[in-house]
Number of protein chains: 2
Amino acid sequence: VKIAVDAMGGDHAPSEIVRGAVLAASNDYDIEVILVGREDQIENELAVCSCGKERITIVNTSQVIQMNEHPVSALRRKKDSSIRVAAEMVASGEADALVSMGNTGATMGASLLIIGRIPGISRPALAMPMPTLQEFSLVLDCGATVDCKPSNLLQFAVMGSLYLEKVFGRKNPTVGLLNIGEEKTKGNELVRAAFPLLEGSKLNFVGNIEANELLNGTVDVIVCDGFTGNVILKFAEGFGAGMISMIKDAVMKSPFTKLGGLFLKGAFRSIKKRMDYAEYGGVPLLGVNGVSIIGHGRSNATAVSNAINVAKRAVEWNVVAGIGNNISESGVSDE
Amino acid sequence: VKIAVDAMGGDHAPSEIVRGAVLAASNDYDIEVILVGREDQIENELAVCSCGKERITIVNTSQVIQMNEHPVSALRRKKDSSIRVAAEMVASGEADALVSMGNTGATMGASLLIIGRIPGISRPALAMPMPTLQEFSLVLDCGATVDCKPSNLLQFAVMGSLYLEKVFGRKNPTVGLLNIGEEKTKGNELVRAAFPLLEGSKLNFVGNIEANELLNGTVDVIVCDGFTGNVILKFAEGFGAGMISMIKDAVMKSPFTKLGGLFLKGAFRSIKKRMDYAEYGGVPLLGVNGVSIIGHGRSNATAVSNAINVAKRAVEWNVVAGIGNNISESGVSDE
């Protein structure tokens, strides 16, 4: 499986990206990584790595889209940017999948404009694996489609179920509609109209799920519009960080609390790790006619390697074709 | 100030409600509490309390709307329910404010149907004080108006600013629009249309605020539609509880971690208390033509007393008249 990785995207690019690529390729003989970016910089980073470079190639590009650039205009202007070239390789079939830790908007834009949508899918969705007390739930959409129609939510549910089943092996995943009450009459116009569509589908739909239940992990796939999903994603990030900073302050208060903190250091670290979204291997942009995985900007080598592994499984299990067939068979196609 | 308290509403009603009323009335000579509910039950609870019963009266009602009842039909059917009668007392001027820890939908319904809206306000908003690393921010709407127009968000901002300034003494509070990016072009149709309205107002508008910044407390008033606000409110509740349960599990793992937990017990308790929404005295339903404060169902006596104090301040500072004047002067009236 050939995976085009945007070597220039992310807060720690290119070093952590290159290390992550080496890690993934040396642990799995089926992975070939194409690092797309500034060849000299990538070579420098590769020189430090002692092993696992056999299945790594470099495609040189001269431009980089920065994290704070406006996605659409940057994509238009920078024809030789790493993310654009990586997307073009997927579109042409030179690569099987795209992985980027860079500017999310630019990665979404490149995926949609260059690779295109799966026939029948009207809007794409970012499917975020959200840590729970069990394992993780998949929340979609988390920001690709901010204004949704009810049929979009149904398509998100179909795509999310298939992805979770194929890539993570979760059989017949349950689907919940994020809402502000349990009854089907609750919620805003969008979710009230989406409920009967989900209820009438072949999905394992379990009804509405309220946000206070999200962390329990009782439902596998959580469907919502991209505005709400993005708010939740960011709120969880800020909330987790805030709780950790409060605990740190509390630990530093006295010699006794410092001692307590010492005994619990390992425990705190494991909670932090468990709640760290970067551990879950990136967020697929579902609905794109090719595998496109978007990682967190602050991804380290392990997170990059996880994202590459997820991309590989999505390619091997034919997630894109699966979504296409499922959408046309289930009659929820928009075209 | 006469405050009608729904003695039958809440998970711990009537005992904690009665205790909270006694607490509030015995600490503040300006507070008179009218406990509305089953007289015999209220009398029983009052018999236990040793002091502070001078400024407490009882209005007997025969019916109770339970937490799980459908609000509108229950209100229609139960003419002698405690919440209905309490709202009627505010409408007739027999009481200055309404406080209930019961069925939120029924309290909102009774407030809107019986007390009515302030002229010029088209939709009401639940204004939740949300704990932050600083103190608290006011998030509105948290569930009263799930489908919003841009002008609703502007009115929420006007009401929230005024409430925070009058009741909590925060001068010229900053207002932020909850969004999924910083730039004014970001977000869904609703927030994109609301941005210029807020920008053109006399409010201290500071632009968009993303959900990861909410806990930092950098903005005083956060404006959003009631669906998004309710999702955040519930997610924060579930997330806080989930983090606490993870920490508990971690502490129980070994004798060392148990010892660490012992040293940090006080610290954990203070964090839990700080993040407990019940401490902040209930959520006002702004836009109603009278003071209406809705408390959390699991409120204890302290929380009930806090809610009664907030109601008193809202009455004394003329929040309702202030909102009415402000809305008509600022030209954001809908009527």
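Predicted model: local features only at pLDDT ≥ 70, side-chain atom pairs only at ≥ 80, totals over all residues.
Two packed helices are described by the angle between their axes and the distance between the axes. In chain B, helix α1 (residues 15-27) and helix α2 (residues 39-48) have axes that come within 9 Å and cross at roughly 55°. α1(B) and α2(B) are therefore oblique to each other, and their crossing is right-handed. On the α1(B) side, the contact is formed by B:Ser15, B:Val18, B:Arg19 and B:Val22, while α2(B) contributes B:Ile42, B:Glu45 and B:Leu46.

The axes of helix α4 (residues 82-92) of chain B and helix α5 (residues 104-115) of chain B come within 9 Å, crossing at roughly 35°. Here too the crossing of α4(B) and α5(B) is right-handed. From α4(B), the residues B:Ile83, B:Arg84, B:Ala87, B:Glu88, B:Val90 and B:Ala91 take part, and they meet B:Ala106, B:Thr107, B:Ala110, B:Ile114 and B:Ile115 of α5(B). The residues of the contact between α4(B) and α5(B) fall into eight nonpolar, one polar and two charged.

Attention now turns to the cysteines. Over all chains, the structure holds zero disulfides. For A:Cys148, the closest cysteine sulfur belongs to A:Cys224 and lies 8.2 Å from its own sulfur, too far for a bond, because a disulfide calls for sulfur atoms within 2.5 Å. A:Cys148 also counts as buried, at 16% relative accessibility. In chain B, the sulfur of B:Cys148 has its closest cysteine sulfur in B:Cys224, at 8.2 Å, which is again too far for a bond. B:Cys148 is buried, its relative accessible area being 16%.

B:Ala236 and B:Gly37 are 199 residues apart along the chain, and 32 Å separates their C-alpha atoms.

Conventions: Residues numbered from 1 in each chain as written. Chains lettered and ligands numbered in written order. Heavy atoms only, no water. Axes fitted to C-alpha atoms, helices over the stretch in contact; angles between N-to-C directions. Helix = DSSP H or I, 4+ residues; strand = E, 2+ residues; numbered from the N terminus. Parallel < 35°, antiparallel > 145°, perpendicular 65-115°, else oblique. Left-handed = near helix turned anticlockwise from the far one by under 90°. Contact = heavy atoms within 4.5 Å. Buried < 20%, exposed > 50% of the residue type's maximum accessible area, 1.4 Å probe, protein only. Nonpolar A, V, L, I, M, F, W, Y, C, P; charged D, E, K, R; others polar.
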